[in-house]
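Hi everyone, thanks for making time this morning. Have a look at the structure on the screen, and I'll walk you through a few parts of it.

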Protein chains: 2
Amino acid sequence: MSRQIAVGIDLGGTNIVTALVADDGEIIAIVSRRTDAARGAECVVGEMADTVNSLISDNSIALEDVVGLGIGTPGPLRLSKGYIHRPANLPGWENVPICQWLQEKTQLPVQLENDANAAAYAEYWVGAGKGSCDLVTLTLGTGIGAGAIIDGEILRGHFENAAEFGHTIVELDGRPCTCGQRGCLEQYASPGNIAKYAIEQIRKGSESSLGPVLKANGAFDSQAIAEAAQAGDSLADTIWDEACRYIALACVNVQHALNPEILVLAGGMSKAGDFLLGRVRQHFISRTWKIFEDKPRIVLSNLGSNAGVVGAAGVAWKAHRSGAACLNAATAE
Amino acid sequence: MSRQIAVGIDLGGTNIVTALVADDGEIIAIVSRRTDAARGAECVVGEMADTVNSLISDNSIALEDVVGLGIGTPGPLRLSKGYIHRPANLPGWENVPICQWLQEKTQLPVQLENDANAAAYAEYWVGAGKGSCDLVTLTLGTGIGAGAIIDGEILRGHFENAAEFGHTIVELDGRPCTCGQRGCLEQYASPGNIAKYAIEQIRKGSESSLGPVLKANGAFDSQAIAEAAQAGDSLADTIWDEACRYIALACVNVQHALNPEILVLAGGMSKAGDFLLGRVRQHFISRTWKIFEDKPRIVLSNLGSNAGVVGAAGVAWKAHRSGAACLNAATAE
């Protein structure tokens with residue numbers, strides 16, 4: 001028998017990444033295209049299926065060697081129905097039966113998963129959490145996505161929306177969040193929000209080496225804050241450290257909620273490497289309890305931006321192995 | 001065959017409650033004795049076994065009709081070893097192989113469980129969460145215990161210490177907690193701590209109808225605060241409302257962490273009934289997000305102080321039904 005593969009799709013608001021992934025997580029082929037959500041779900045999903053079919057034939061893979069297709073997308077989803085519900089970054093996409101459509105156009109069993117859950121599954125399967133059965137991933141991207149693996153299974157919860165740690169409240173009556181709550185973690189610790197906050201502070205007159213950068217470029221990102229902080233900029237250091245403090249607080253709360261063995265930090269902010277990890281660990285150790293030795297190991301993701309697409313394929317592999325490779329959409333009303 | 005029963009034991013720092021419980025959760029017989037922890041673990045466990053054996057014979061139950069024994073105790077435990085590790089309220093009890101000792105003295109298969117988990121299991125099995133597979137219990141007692149049921153299973157986590165929501169941090173750098181952290185939920189919302197805080201405020205000169213009560217009795221409890229608040233006392237109302245606000249914040253965070261269907265409020269503070277539930281629900285609704293309909297139903301426990309002992313028996317029933325009635329201690333090193 002030739003080598004089997006699963007197809008993974010990471011459907012984001014900006015790009016759609018599609019990959020052929022072997023049973024050890026190796027990426028055999030990968031392609032990224034712009035998401036043109038405004039053209040409508042049916043059109044975009046049709047192109048996604050075309051991409052899948054081309055990728056399979058271009059790589060001379062027989063359809064019977066493809067075990068399935070997994071797709072990770074931002075929530076909220078109706079996982080058990082195989083629907084994309086109403087994602088903020090895919091405007092106009094409402095109750096899209098993506099599993100059914102993709103199955104019809106690719107003849108593959110299709111698994112739908114929340115993108116942050118897919119990323120967590122990738123870390124568990126072949127990433128920084130390999131070998132552990134209990135881990136939580138915090139993806140520090142534009143917002144803060146999170147996923148949890150418990151006993152090797154993705155935690156979904158009754159409403160299929162568990163592990164939304166980015167929207168746990170860390171400040172009662174704190175900064176307003178786009179979700180409608182106040183004081184959400186992602187307002188204090190996501191790369192997008194700390195950059196926004198730093199820019200506000202500079203506009204209000206705070207001195208910083210980032211001032212001229214802002215003047216020249218009109219903006220900067222969290223990586224610029226990390227670099228300025230490491231070069232000794234006081235404002236940047238204060239803002240970076242505050243973000244690390246809130247991430248550490250979230251780690252304490254994840255420890256007490258799910259008691260995982262491993263806590264993986266991923267997403268854009270994790271590119272700062274030890275400057276993120278060291279600070280978070282330091283604040284975590286000083287803030288967590290000492291009465292019981294149940295501290296998770298906090299580590300950086302080693303899958304980078306491919307975690308989502310690898311995890312989506314992993315979910316398809318999982319369904320195949322458990323013999324549960326049935327289409328999620330098959331249970332749709 | 002005669003009616004089968006399981007034995008439940010709720011081992012607390014003050015009392016040891018032992019009950020015979022039918023497979024529908026009905027309590028056939030129950031007895032409570034003072035805990036005299038200072039006499040040493042071996043002596044106390046011996047008396048516990050004597051109580052179990054007497055209760056069985058006094059109720060004319062044949063040993064073959066007893067499916068097993070479940071015991072709930074405060075953590076930290078070594079569940080998979082069947083050990084009591086080092087509980088704060090049983091001083092001197094360290095690494096007590098309670099499962100093995102109880103099995104030797106009762107000839108029953110023994111299941112050890114964290115007491116807050118046992119209470120959650122009781123609510124799931126025969127209490128306010130009956131019919132649901134995903135629930136979380138917050139037991140508002142001296143501290144705040146919590147337990148979570150996911151897909152009908154008790155959430156334990158890698159270090160067997162999950163769902164410790166009482167020690168999730170709700171105020172960065174907040175009030176010091178006995179666990180060594182700062183800003184734990186139980187410092188802001190447990191009955192013991194809000195009474196302590198109210199007493200402090202009155203001693204500092206705050207006016208309150210509770211002032212004379214304090215003078216007369218030297219103390220009061222959270223129930224007195226609830227009553228004073230309902231009678232229009234301004235200080236009591238402020239303190240009660242703050243506690244309800246923090247409990248609501250915890251409910252939002254539990255919602256996003258575990259996404260349960262039901263959230264049960266239990267323990268001494270729940271005796272205030274609607275005056276607790278109404279306030280918590282009101283703060284919860286105003287604080288949780290509106291972008292996705294995944295709000296848990298927040299309800300009061302209907303098992304009262306028997307939740308622990310019923311849940312302990314439930315854990316024994318569960319082990320019996322799944323054919324996994326083996327002694328936890330059997331896997332001890």
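Let's start with a hairpin: in chain B, strands E8(B) and E9(B) form one, with three residues between them. Keep in mind throughout that this is a predicted model. Six bridges hold the pairing of E8(B) with strand E9 (residues 144-150) of chain B, and the two strands run antiparallel. If you want a pair to find on the screen, Leu138(B) has Ala146(B) as its bridge partner in E9(B).

How many of the residues of E8(B) are buried? Six of its six are, so to speak the strand is mostly covered. Leu135(B), Thr137(B) and Thr139(B) point one way, while Val136(B), Leu138(B) and Leu140(B) point the other way, and all are buried.

E8(B) has another partner, strand E11 (residues 262-266) of chain B, joined to E8(B) by five bridges and running parallel.

Now put the strands together. In what order do the five strands of the chain B sheet come? The order is E10-E9-E8-E11-E12, in an open sheet with mixed pairing. Strand E10 (153-154) and strand E12 (297-300) of chain B are the edge strands, each pairing on one side only. Across this sheet lies helix H3 (residues 115-126) of chain B, over E8, E9, E10 and E11, and H3 runs at about 50 degrees to E9(B).

Staying in chain B, let's turn to a helix. H5 (residues 191-203) of chain B has 13 residues and spans 18 Å from its first C-alpha to its last, close to the 18 Å expected at 1.5 Å a residue. Just after H5(B) comes Gly205(B), with a positive phi of about 115 degrees. The buried residues of H5(B) are Pro191(B), Asn193(B), Ile194(B), Ala198(B) and Ile202(B). They pack against several elements of chain B, including strand E8 (135-140), helix H4 (185-189) and helix H8 (234-258). Helices H6 (210-217) and H7 (222-230) of chain B are also among the elements they pack against.

Let me zoom in on one residue of that helix, Ile194(B). Why does Ile194(B) count as buried? Because 25 other C-beta atoms lie within 10 Å, and the cut-off for buried is 20 or more. Leaving aside neighbours within four places in sequence, Ile194(B) is in contact with Ala189(B), Ser222(B), Ile225(B), Ile239(B) and Ala243(B).

Over to chain A. Its sheet is open, with five strands in the order E10-E9-E8-E11-E12 and mixed pairing. Strand E10 (153-154) and E12 of chain A stand at the edges with a single partner strand each, so one side of each is left without a neighbour in the sheet. Helix H8 (residues 234-258) of chain A packs on this sheet, touching E8, strand E9 (144-150), E11 and E12, and its direction makes about 155 degrees with that of E8(A).

Look next at strand E11 (residues 262-266) of chain A, where five of the five residues are buried. Ile262(A), Val264(A) and Ala266(A) lie on one side and Leu263(A) and Leu265(A) on the other, so to say both faces are covered. E11(A) runs parallel to strand E8 (residues 135-140) of chain A, with five bridges between them, and Val136(A) has Leu263(A) as its bridge partner. E11(A) also pairs in the parallel sense with strand E12 (residues 297-300) of chain A, over four bridges. From E11(A) the chain crosses through helix H9 (residues 274-287) of chain A to E12(A), and this β-α-β crossover is right-handed.

Last, the two chains together. How many residues of chain B are in contact with chain A? The count is 35, against 34 residues of chain A. H8(B) gives the largest share of the chain B side, seven residues. By class, that side has 17 nonpolar, 11 polar and seven charged residues.

Methods: Residues numbered from 1 in each chain as written. Chains lettered and ligands numbered in written order. Predicted model: local features only at pLDDT ≥ 70, side-chain atom pairs only at ≥ 80, totals over all residues. Expected span 1.5 Å × (residues − 1). Buried ≥ 20, exposed ≤ 12 C-beta atoms within 10 Å, placed from the backbone. Contact = placed C-beta atoms within 7 Å. Pairing = 2+ DSSP bridges. Right-handed = clockwise from strand over helix to strand, strands pointing away. Nonpolar A, V, L, I, M, F, W, Y, C, P; charged D, E, K, R; others polar. Axes fitted to C-alpha atoms, helices over the stretch in contact; angles between N-to-C directions.
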